[in-house]
Amino acid sequence: MDRAELERLYGYPEDRSQWLAMNFVSSVDGAVEVAGRSRGLSNAADREVYPLGSSLADVVLVGASTAIIEEFRGIELDERQTELRARHGLAPVPRIAVVTSGRSLPPDAPVITEAQVPTIVITCDAAPATLREDWEAAGAEVLVAGHDSVDFAAATSALAQRGLKRMHCDGGPRLFGSLLEAGAVDELRLTLSPMLVSGTAERIAHGTGIDPADLTLASVLAQDDTLMIRYLINK
């Protein structure tokens, strides 16, 4: 695949105050995991396009459960990704924003303690004050949005106000569902891996439900039986 064209497709619009792109890899029958992890679905084609989203982002959003299950430690950039960020005038390393109500994110989680730049913990007033203090003591910046649960519209707006307007989201499905319900998602970047999984694996979005959203196809790439699809969400 042409590198310049990939950078154009998987970049972020400059004329928007904020833009949130949701990223998923799934099997053709809709599974988002194999043996509990998404990495079993990824392949060479997915690994070529997926890093571009985070490499060109100001911030990477991830749910706490996904961060723990996938052993997420933040973004590690290679030389080409570092050059790409410098060429686009971005900070050397994208920030990480991990979303939690409090129960699923211990202060010693690698996503906090091993990130290269301070992780932003997005939570709500219901999270215990002592836990918020522990996150901060471990090096995180705590962003409170919402009372009994996270207010995702307020949270993404607060990130944009911090200058973090290019948002790459890694999920998982519950975070995607919540962001959809808040009307905060602008784009879906979906890799269809040429696999059938069946079983009880989750779909890419999970939540209380939304009115069906119309999508506009933005691009389709094919490589080695894999489809890499971009949809814009009509609002």
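Predicted model: local features only at pLDDT ≥ 70, side-chain atom pairs only at ≥ 80, totals over all residues.
Residues are numbered from 1 along each chain as its sequence is written, and side-chain values use heavy atoms, with hydrogens and water left out.

## Salt bridges

What does aspartate 186 meet in a salt bridge? Its partner is the side chain of lysine 235, at 2.8 Å from N to O. A salt bridge here is a side-chain nitrogen of Lys or Arg within 4 Å of a carboxyl oxygen of Asp or Glu. Lysine 235 sits in the segment after strand 9 (226–233) and aspartate 186 in the loop between helix 8 and strand 7, so this pair ties together parts that are 49 residues apart in sequence. Helices (H or I, at least four residues) and strands (E, at least two) are DSSP runs, numbered from the N terminus.

The structure holds 15 salt bridges. Here are some of them:

| Glutamate 70 | Arginine 39 | 3.7 Å |

Glutamate 202 lies in the loop between strand 7 and strand 8, and arginine 174 lies in helix 8, so the two tie together parts that are 28 residues apart in sequence. Glutamate 202 counts as partly exposed, at 25% relative accessibility, and arginine 174 is also partly exposed, at 48%.

Then there's glutamate 70, whose salt-bridge partner is arginine 39. Glutamate 70 belongs to the loop between helix 3 (64–69) and helix 4 (79–87), and arginine 39 to the loop between strand 1 and helix 2 (44–55), so that pair links parts that are 31 residues apart in sequence. Glutamate 70 is buried, with a relative accessible area of 18%, whereas arginine 39 is partly exposed at 48%.

Salt bridges can also join up: Glu7, Glu83 and Arg87 are linked in a network of them.

How many of the nine residues of strand 1 (residues 19–27) are buried? Nine of the nine are, so the strand is largely enclosed by the rest of the structure. Both of its faces are covered: Trp19, Ala21, Asn23, Val25 and Ser27 are buried on one side, and Leu20, Met22, Phe24 and Ser26 on the other.

Two strands count as paired if DSSP finds at least two bridges between them. Strand 1 pairs with strand 6 (residues 166–169) in the parallel sense over four bridges, and methionine 22 stands opposite cysteine 169 there. Strand 1 also runs parallel to strand 7 (residues 187–193), joined by seven bridges. On that side, alanine 21 stands opposite glutamate 187.

Valine 98 makes a handy landmark: valine 62 stands opposite it, and its bridge partner in strand 4 is valine 121.

## Rings and charges

A search of the whole structure finds one aromatic pair. Phenylalanine 24 and phenylalanine 176 form that pair, which is tilted, at 5.7 Å centre to centre with 35 degrees between the planes. Phenylalanine 24 lies in strand 1 and phenylalanine 176 in helix 8 (residues 173–181), so the pair ties together parts that are 152 residues apart in sequence. For reference, rings of Phe, Tyr and Trp (its six-membered ring) pair if their centres lie within 6.5 Å; planes under 30 degrees apart count as stacked, over 60 as edge-to-face and the rest as tilted. Both phenylalanine 24 and phenylalanine 176 are buried.

Charges can sit over rings too (NZ of Lys or CZ of Arg within 6 Å of the ring centre and within 35 degrees of the ring normal). The charged end of arginine 189 is over the ring of tyrosine 12, 4.9 Å from its centre. Arginine 230 lies over the face of tyrosine 10, at 5.9 Å from the ring centre.

Definitions and conventions:
Buried < 20%, exposed > 50% of the residue type's maximum accessible area, 1.4 Å probe, protein only.
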